[in-house]
Every structure is written in structure tokens, then in C-alpha cells.
Amino acid sequence: MFSGDLFSILILLSAAIAGIGIFYICYKRFEFAIFLFLLTPWIFSAFYTNYPEWINAELQTGINGYLRGGALAMLGIIGLLKFITKWPEHRGKISLPFILLGVFLLLAFVSYFYSLDQRYTFIRASLFTTVFLFLLGLYSWLDSKEKYRLALDAAYYYILFMIVINLIALFVMPHRVWWWKTPSRFLGLWDHPNSMGGFFMLSYPVLFYQLEKSEGKRKTLVVISITFALLMHFLTGSRTTLLASIFGIGLWLFMNRKWTKLIYMTLILSVFVFLIFQFIPSSFQRGEGTGITTLTEREDLWQGAYLMIKQNLIKGYGYGVEAKIFAQQKLFDLQGKFFIASAQQPLHNGFLSILAGGGVFVFILWLSIIIVPIFMFRQIKDSTLQSFVYTIFFIVLLTNITENSLTGYMSETDLFFWFAWVLGIKASQSSLQETENMIVGQYNTLEERSLESV
């Protein structure tokens with residue numbers, strides 16, 4: 001008994017020491033914090049066992065959930081400390097989108113008092129707040145071109161790390177990387193093929209950015225990484241992320257005026273899509289008698305959500321409650337639609353999730369948080385960075401139509417979106433400030449010349 005207690009104490013002490021060490025490194029070298037921030041969704045997925053299971057009850061929070069929650073809490077503290085230490089430089093001045101996001105989080109906490117699932121509303125609003133605090137730290141840390149390079153390098157090394165470990169797992173852990181429900185679909189070391197597809201979708205803007213900024217051997221490594229990412233992405237059979245990736249790559253080429261490559265890509269994709277429709281791979285099939293464009297009953301779920309939202313359009317049902325809105329109701333037939341009406345079951349549409357949770361006015365606020373920065377990004381002078389930010393934005397928003405890709409902190413798409421959101425906002429402000437300084441400098445020069453002439 002004593003030996004068991006001693007072993008547990010040693011484990012806890014080791015974890016505490018490791019946590020303190022990680023905290024120190026991430027605070028001193030914020031680029032490591034960015035790497036860990038983007039890694040946190042995988043911390044949850046890494047514990048997935050890939051054995052046959054059917055969800056018919058709410059799942060208990062396991063060690064993976066506690067680890068991820070602890071990591072986000074630590075990153076939130078680091079972000080807050082970074083924001084405080086940079087106070088003499090920014091003096092608490094933050095951009096309008098940050099203020100809007102802060103108001104959204106406040107209303108998310110207010111919704112706790114009438115939420116259908118108070119526990120989930122409080123947890124999800126709290127963890128989203130830790131993300132907000134980290135973003136504040138990132139915003140204040142980005143004070144030079146070198147910091148932007150370090151931030152995007154952190155994202156690049158994270159992408160490389162994930163590509164390498166999933167590529168290795170493809171050969172050494174076949175029982176783990178092929179989904180038990182559809183063995184032809186590759187899920188890698190994530191918990192669902194769509195999660196794996198989402199990762200690859202997000203990897204292309206990062207890799208394309210590095211392709212533009214790199215030379216020599218590093219450029220070759222980026223090309224190899226893109227090739228493996230495309231091959232493994234196709235194996236996931238994730239139709240939404242593949243479609244969004246095609247759109248994102250096309251957008252990137254268009255924004256960078258690579259017309260010849262855009263024409264070649266269009267021709268190749270046309271042939272590719274034709275072959276897919278002619279010879280539908282098993283990984284793209286979703287049941288007997290269904291085509292490649294089937295929404296796998298998502299439209300029924302959306303119709304039911306629409307009925308429920310109309311019943312409570314003004315204040316919603318509470319932030320992050322998801323399919324809990326169908327509990328104890330008689331408007332929508334749940335038979336065969338999903339396993340259980342709980343906050344763990346997504347609505348497969350991030351826009352509907354926010355509307356159901358907060359009501360119409362909170363939904364408008366959420367749209368403002370997204371749309372206002374899009375207009376700000378036009379000020380970014382670095383065309384490659386601008387392409388990166390816009391591409392991340394639009395591919396995430398596109399996938400948000402059929403998946404919960406942007407509702408807070410839950411998925412990889414959420415975190416990459418907020419990462420690009422901060423980079424774009426800060427770069428927009430920096431470019432605008434540089435322009436203003438240049439105009440003031442030119443004005444002062446003209447004024448001096450006028451005085452001299454007098």
C-alpha cells in the first residue's frame with residue numbers, strides 16, 4: 001500500500017517538475033508556447049484507442065481532457081504574464097476585435113445562469129478564456145518582424161512534427177491509424193479521419209508560406225512535406241477538408257498571382273474530380289446507396305436545430321451546449337439521428353452552434369469578431385503573410401458549414417484560426433502605423449524645407 005502511494009507521489013512530483021520546466025521555457029521563449037498551443041488538440045486525441053465503440057451515454061473527462069485543460073490554463077497564464085510585462089509598450093491598448101471577443105466571453109459566462117448544461121457551459125467558457133489570454137500574450141509579443149518569423153516557424157515545426165509521426169505510425173501502428181468504423185479511412189494518431197483531414201488542410205497555408213520564404217535544402221524539405229501531406233490527406237477520405245484545401249490552394253495561387261500554376265491546378269483537379277466520381281474510393285463512401293455528395297444526415301440535424309433555435313432565438317440555450325438543445329423536446333424526432341442529445345454531440349455546423357448557444361445578438365457579435373479583421377487584413381504589407389492569414393480564415397469558415405470548425409477552443413481549426421487572427425490583426429496595425437509614420441515624416445520634411453526657404 002505504501003509503495004503504491006509512494007509511486008503515485010513520485011509521478012505527481014515528476015509531473016509538477018516537468019510542468020514548471022515547460023512553463024519556464026514557454027515564458028522565456030514564447031515561440032515554444034505557440035508550438036504547444038497548436039499541439040493541445042492532439043494531446044486530447046493521442047489517447048484515442050481506435051477500438052469499436054458506440055456512444056450511448058455522456059463520456060467522462062479522462063486524463064487526456066485534464067492534460068489538455070491544464071496545458072491551456074498554463075498557456076493562458078503565460079499569455080497574461082506576457083501581456084502584463086509588455087504593458088509599458090502597449091499601455092492596455094488592444095484592437096477592436098479583441099474587445100468584441102472579450103464581450104463574447106462575458107456573455108458566454110452570463111449564459112451559465114440559464115444554460116441547459118451549466119457544467120459544460122462553464123468549462124467551455126473558462127477554457128476559451130484561457131485561449132483569449134494566450135492570444136493577448138501573442139498580440140503583445142509580436143513587436144518585430146523577427147517575432148513573426150519565429151511564430152510562423154513554430155507553426156511550421158509543429159506541422160513537420162505531426163507529418164513525421166503520422167507517417168511513421170502509418171507503417172509501424174496500422175491497427176491505430178486505420179479507423180475501426182471504416183478501415184479504408186486513415187485517421188493517423190488523431191481520433192477521427194476528419195480531424196486528421198483538418199490538420200492536413202491547415203498545413204498547406206503554413207507550408208506554402210515557408211515555400212515562399214525558404215531557399216535551398218529547406219525549400220526541398222517543404223516540397224517533400226507538401227507531397228506527403230497530400231497523399232495522407234487523400235487517405236483520410238475527409239471530403240469537406242479536401243474540398244476546402246482545394247479552395248485554399250486556389251486562393252493562395254490567386255492572391256499571389258501565380259496564374260500558370262492556377263491553370264495547371266484547375267486542369268489537374270478537373271481530371272481528379274472526374275475520376276473520383278467515376279470510381280468512388282471506399283474511403284469516400286458513406287453507406288449503401290449514397291453518393292459522394294451525401295451529407296450523412298447532417299441536413300436532418302440542421303433542420304432540427306433550426307426548429308429549436310426558433311423557439312429561443314433571443315438568448316439561446318447557453319454557450320457550448322450543442323445537441324443538448326434536443327433533450328426533453330417534442331419538435332424533432334431523434335430516432336436514428338445521433339446517439340445521445342448531450343453537449344458532447346456537435347451540431348456539425350459551427351455557425352448553428354453559436355446561434356443555438358447565445359441567440360441572435362450574440363451570433364451577430366460573433367460574426368463581427370470574424371468579419372472586422374477581414375477588412376483590417378487589407379492593410380498587411382507582406383503579401384505572403386496576407387495570403388497565409390486570408391487562406392486560413394476562409395478554409396476554416398468553409399469547413400465550419402459542415403463541421404464545428406470554429407466555436408471556441410475545441411479543435412485544431414479553432415486554434416489555427418485564432419493564431420492567424422492575431423497575426424493578421426497585429427500585422428495590419430503595424431502596417432498602418434508604418435504608413436502613418438511615413439506620412440508624418442514626409443510632412444515634417446516638407447515643413448522644414450518651407451522654413452528654410454523662408
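So, which way does H9 pass H10, in a left-handed or a right-handed crossing? Hold that thought while I say what we're looking at. This is a predicted model, where local features need pLDDT of at least 70, side-chain atom pairs count only at pLDDT 80 or more, and totals for chains, interfaces and linings use all residues. Residues are numbered from 1 along each chain as its sequence is written, and side-chain values use heavy atoms, with hydrogens and water left out.

Okay, the answer: H9 passes H10 in a left-handed crossing, meaning the near helix is turned anticlockwise from the far one by less than a right angle; clockwise would be right-handed. Helices here are DSSP runs of H or I, at least four residues, numbered from the N terminus. The axes of H9 and H10 (residues 216-236) come within 9 Å and cross at roughly 160°. Axes are lines fitted to C-alpha atoms over the stretch in contact, with angles from 0 to 180 degrees between N-to-C directions. That makes the pair roughly antiparallel, the word for angles over 145 degrees, while under 35 counts as roughly parallel. Contact means heavy atoms within 4.5 Å, and among the residues making it are Phe 200 of H9 and Ile 226 of H10.

Now the other partner. H9 (residues 193-213) and H11 (residues 239-255) have axes that come within 9 Å and cross at roughly 15°, so they're roughly parallel. Their crossing is right-handed. Here the contact includes Tyr 209 of H9 and Trp 252 of H11.

Last stop, Trp 418: leaving aside neighbours within four places in sequence, its contacts include Phe 128 and Trp 366.

Notes:
Helix = DSSP H or I, 4+ residues; strand = E, 2+ residues; numbered from the N terminus. Parallel < 35°, antiparallel > 145°, perpendicular 65-115°, else oblique.
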